[in-house]
Amino acid sequence: MPALSRRRFLQSAGALATAPSLSATTPALAEEKPLKFRLGIVTYNVAAKWDLPTILKICKTVGLSPVELRTTHKHGVEPSLTAEQRKEVKQRFADAGIEPWGCGTTCEFQSADAGEVRKQIETCKQFVQLAADIGGRGVKVRPNSLPKGVPVEKTLEQIGKALIECGKAADDAGVEIWVEVHGTGTSHPPHIKTMMDHCGHPKVGLTWNSNGTDIKNGSVAEYFKLLQPWIRSCHINELYKDSTRVYPYRELFRLFRETGYDRVTLCEVGKTPPDDVSGEEMLRYYKALWTELTRG
């Protein structure tokens, strides 16, 4: 990590200890609830340039698990892998003591072109089988936008109906589908709820994505309550945003405690470190800050 970036991270961590967070005035009701969720990573983007052995080595060293393998990255865990290669990936994770959370895809179902939607569903099914073969728990998909000239309700229903077929494939394979709260317009939590209502498949849940659109009147509580029944995974990004009053991570983690959330919060930062040594150091700082913010 460049010296300036490292200095910025340390300054932000220091600010956290002195500046009030967005949720500083919220009563600390969560300290009696045990912490059940864990810190892992998405390979986007901190580990985008690391091969699988490097990812597993660093996660084991820092103490991070599980790992969501974002498609197109250097790890190379893609549907093109042979059956033998999939067994090798599964064994590598087992030997390292790291859980493969699943596959992070770019499968999306909002296109006005029915042929494109069908293509995306079939691609999702390929990743479903891949996730099952490597011992993963699910596949992350996403809405990405609201097509121009198409009624919003029609798009939301289309996405929800496409997710039913993906959910059936996941159920057959023994995994899950996680819909990332993502995209211009589509990340609006009430729109996400509408998609999930149209879907209604028990194997289809959500990945909370820590977006600015989660926040209403300085808090994520209202939209968290709206989507909480479906939350099965979570992406978190720059944790210093709590101290700068941009995103209330301490409040989010308190809500996870209060609701008994027992899955994961996965580090998904936008920048790729220049080398694995810098990346490992950044993740150590990140884990320390996460530990502080999850105290309740």
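Leaving aside neighbours within four places in sequence, Glu108 is in contact with Gln120, Arg142 and Asn144, where contact denotes heavy atoms within 4.5 Å. The structure is a predicted model, in which local features need pLDDT of at least 70 and side-chain atom pairs count only at pLDDT 80 or more, whereas totals for chains, interfaces and linings use all residues. Residues are numbered from 1 along each chain as its sequence is written, and side-chain values use heavy atoms, with hydrogens and water left out.

Glu108 is found in the loop between strand S3 and helix H4; helices (H or I, at least four residues) and strands (E, at least two) are DSSP runs, numbered from the N terminus. With a relative accessible area of 18%, Glu108 is buried. Here buried means under 20% relative accessible area, exposed over 50%, and partly exposed in between, with a 1.4 Å probe and protein chains only. The side chain of Glu108 also makes a polar contact with the side chain of Arg142, at 2.9 Å. A polar contact is a pair of N or O atoms within 3.5 Å; within protein, one must be able to donate a hydrogen and the other to accept it, and residues adjacent in sequence count only if both atoms are side-chain atoms.

Strand S2 (residues 67-70) pairs with S3 in the parallel sense over 4 bridges, pairing being assigned if DSSP finds at least two bridges between two strands. In this arrangement Val67 stands opposite Pro100 in S3. From S2 the chain crosses through helix H3 (residues 83-96) to S3 in a right-handed β-α-β crossover; right-handed means that, with the strands pointing away from the viewer, the path from the first strand over the helix to the second runs clockwise.

Strand S4 (residues 138-141) likewise pairs with S3 in the parallel sense, over 3 bridges, and Lys140 in S4 is the bridge partner of Gly104. The β-α-β crossover from S3 through helix H4 (residues 114-133) to S4 is right-handed.

Helix H8 (residues 249-258) is largely enclosed by the rest of the structure, because 9 of its 10 residues are buried. Among them are Tyr249, Leu252, Phe253 and Arg257. Just after H8, Gly260 takes a positive phi of about 75°.

The mean pLDDT of the chain is 92, and 89% of its residues reach 70 or more, pLDDT being the predictor's confidence in each residue, from 0 to 100. Over residues 9-31 the pLDDT is below 50, and this stretch has 35 contacts in the model beyond near neighbours in sequence.
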